[in-house]
Structure formats: C-alpha cells, structure tokens
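Hi,

Here's the structure I promised to pass on. Have a look at it first, then read on for what turned up.

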Amino acid sequence: MITTTTDTFSFSRLLMVLRHDIEQDWKDLSFKTLAVLGLLAGGLLIGLFMGHPFGVYDMQVLNWFQSWFMFIFVVGSWVMASEVLKSFSSKTRAVNAMMLPATRSEKFLSRVVIATVGYIIMVLVALAATEVIFLALRPMFDIQGDSSMFVYVIHHTFVPEIHSKFVDDAGNLIDIEMTVVGAFCSITTTSWIFSVFALGSSLWRKHVFVKSLTMVFVISSLINFSIGWFIVASMKEDIYNVPNMLILMGIITGVLTIANWIVTYQLYKRRQIIS
C-alpha cells in the first residue's frame with residue numbers, strides 16, 4: 001500500500017515544519033519576547049517606585065510582580081492564540097505553507113506548539129532577564145530579603161499549592177473538593193478563552209484580537225446569564241450547590257473548548273484549499 005504525506009503523521013516532519021515556522025517568524029517571536037520583557041520590567045519598576053518611599057520589603061515586591069506577571073502572561077497568551085493561523089495572513093505565506101511536504105495536521109500542530117510551548121519558553125526567557133534586572137536594582141532600593149523572583153513567580157503561577165483544607169474569609173473550613181473543582185473550572189475556562197482567540201485567527205484576517213475579545217465577552221455574558229438563571233432556579237428549589245455549579249461551568253467551557261478547536265482545524269483545512 002502506498003502512503004503519502006496526506007494520510008500519515010510523522011513526528012520528524014512535524015519538527016521540520018516547526019523549524020520552518022520558527023525560522024520564518026524568528027524576528028516576530030524575538031520582538032514579542034522583548035515586548036514581554038519590557039512589560040515585565042516596567043511592572044517591576046512601578047512596584048519598586050510605589051513602595052520605595054515606605055520601605056520596600058522583598059515579599060511586597062514579589063507579590064505585586066506576581067500579579068502583574070499573571071496579567072501579562074494571560075493577555076500575551078491571547079495574542080499568541082489570535083495568531084495561530086498567521087501563516088495564512090498573506091497570499092505569499094499561505095502558498096509557502098501549502099508547499100511544505102507535510103500533512104495539514106502537522107502544519108496546524110506546529111502553529112499550536114509555537115503559540116503554547118513556544119510562548120511559555122518566550123515568557124520564561126523574559127522572566128529570567130527580569131530577574132537579572134531585579135537583582136541589579138535590589139541594592140539601589142535597599143530591598144530586604146534574598147528570595148528569587150523567578151522561582152517565586154513560577155511556583156505561585158504554575159505550581160499552585162493545594163491544601164487538604166483551608167479557611168475562607170468567613171472562617172469556615174472548605175475541604176479539598178472546592179479546591180479541586182475550582183481549579184478544574186479555572187483550567188477549562190482559561191482553555192476556552194484561548195481556543196476562542198485561536199478560532200478567531202481562522203475566521204478573520206484583520207483585527208483578530210479585538211474581534212475575538214468581543215466574542216469572548218458576548219459568549220461569556222450569555223453563559224453567565226444562563227448559569228445565573230439556573231442558580232436562581234436551583235435556590236428556589238433548595239438544590240443549589242456551589243461545587244455542582246462550578247462543575248457545570250467547567251463542563252460547558254470544556255465542551256466549548258473542544259468544539260472551538262475542531263472548528264478551527266476544519267476552517268484551517270478549508271483555507272488551505274481556497275487561499
């Protein structure tokens with residue numbers, strides 16, 4: 001049986017396409033890395049100057065910077081997702097992409113890897129450079145402590161601590177069920193938002209970020225309205241349960257995430273034919 005690149009998947013070809021895409025976009029990726037570095041360094045300086053007159057302590061700076069890092073990381077991921085199909089932003093790039101000796105799934109997966117794994121690497125490089133700036137400025141601002149900003153941010157952003165029990169603002173003990181369910185809902189919601197921007201990259205050629213952001217607000221408003229109506233109805237029936245509501249929200253956004261990626265890939269294949 002004779003097989004071609006249209007009906008087989010090869011990891012080596014995926015790496016070839018990935019290398020091609022990186023070489024083609026290295027200037028843009030480098031610029032984005034420098035942009036992230038500039039934003040992180042700017043946020044660090046804001047935190048230092050805001051606290052300097054009052055005596056800045058190590059943990060105060062780290063707490064502020066970790067919040068700022070989360071904001072930049074999330075918004076940056078939306079930007080990367082909105083450029084998943086950047087290879088089809090022009091006729092020349094589209095022809096070059098279609099001429100590559102690889103399957104459509106390999107080409108598509110290459111773009112997704114750059115927007116996810118590649119973006120994380122870019123952010124880590126920028127964060128490491130910001131750490132160097134922080135170490136250089138520490139004596140100037142007389143910052144006490146010797147904590148590593150890089151380790152602190154990575155730990156509190158990507159490795160959250162899950163305790164078996166914790167106390168809420170009202171002093172009530174909440175068991176691990178709420179922690180796990182809350183994490184599940186957060187992950188699925190974040191994944192859904194990312195998939196919306198990826199879908200937007202397959203729907204529009206211009207102003208993808210703005211249009212996708214508008215789509216997120218509209219759809220999330222409809223979901224929140226529906227969930228709110230369901231909560232009111234369940235409270236009247238005395239069946240309201242917070243974990244169940246979070247699970248429902250997580251399931252809805254999880255299903256929408258899968259649907260978005262399926263549609264994105266189908267539109268990608270169609271664009272390869274008509275571009």
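Let's start with confidence: among the elements of the protein chain, helix α4 (residues 104–137) has the highest mean pLDDT, 92, while strand β1 (residues 165–167) has the lowest, 49. pLDDT is the predictor's confidence in each residue, from 0 to 100. Helices (H or I, at least four residues) and strands (E, at least two) are DSSP runs, numbered from the N terminus. The protein chain has a mean pLDDT of 80, with 76% of its residues at 70 or more.

Some ground rules. This is a predicted model, where local features need pLDDT of at least 70 and side-chain atom pairs count only at pLDDT 80 or more, though totals for chains, interfaces and linings use all residues. Residues are numbered from 1 along each chain as its sequence is written, and side-chain values use heavy atoms, leaving out hydrogens and water.

Now the salt bridges (a side-chain nitrogen of Lys or Arg within 4 Å of a carboxyl oxygen of Asp or Glu). How many does the structure hold? There are 6 salt bridges. Asp21 pairs with Arg111, with the closest N and O atoms 3.9 Å apart. Asp21 sits in helix α1 (residues 11–51) and Arg111 in helix α4, so this pair ties together parts that are 90 residues apart in sequence. Asp21 and Arg111 are both buried (under 20% relative accessible area; exposed is over 50%, partly exposed in between, using a 1.4 Å probe and protein chains only).

Asp25 also forms a salt bridge with Arg111, the closest N and O atoms being 3.1 Å apart. Asp25 is in helix α1 as well, so that pair joins parts 86 residues apart in sequence. Together, Asp21, Asp25 and Arg111 make a network of salt bridges. Is Asp25 buried or exposed? Its relative accessibility is 6%, so Asp25 counts as buried.

Another salt bridge runs between Glu83 and Lys32, with the closest N and O atoms 3.0 Å apart. Glu83 is in the loop between α2 (58–81) and α3 (91–99), and Lys32 is in helix α1, 51 residues apart. Glu83 has 26% relative accessibility and so counts as partly exposed, whereas Lys32, at 13%, counts as buried.

One last stop is Leu256, in helix α8 (residues 242–274). Leaving aside neighbours within four places in sequence, Leu256 is in contact (heavy atoms within 4.5 Å) with Trp192 and Ile223.

Cheers
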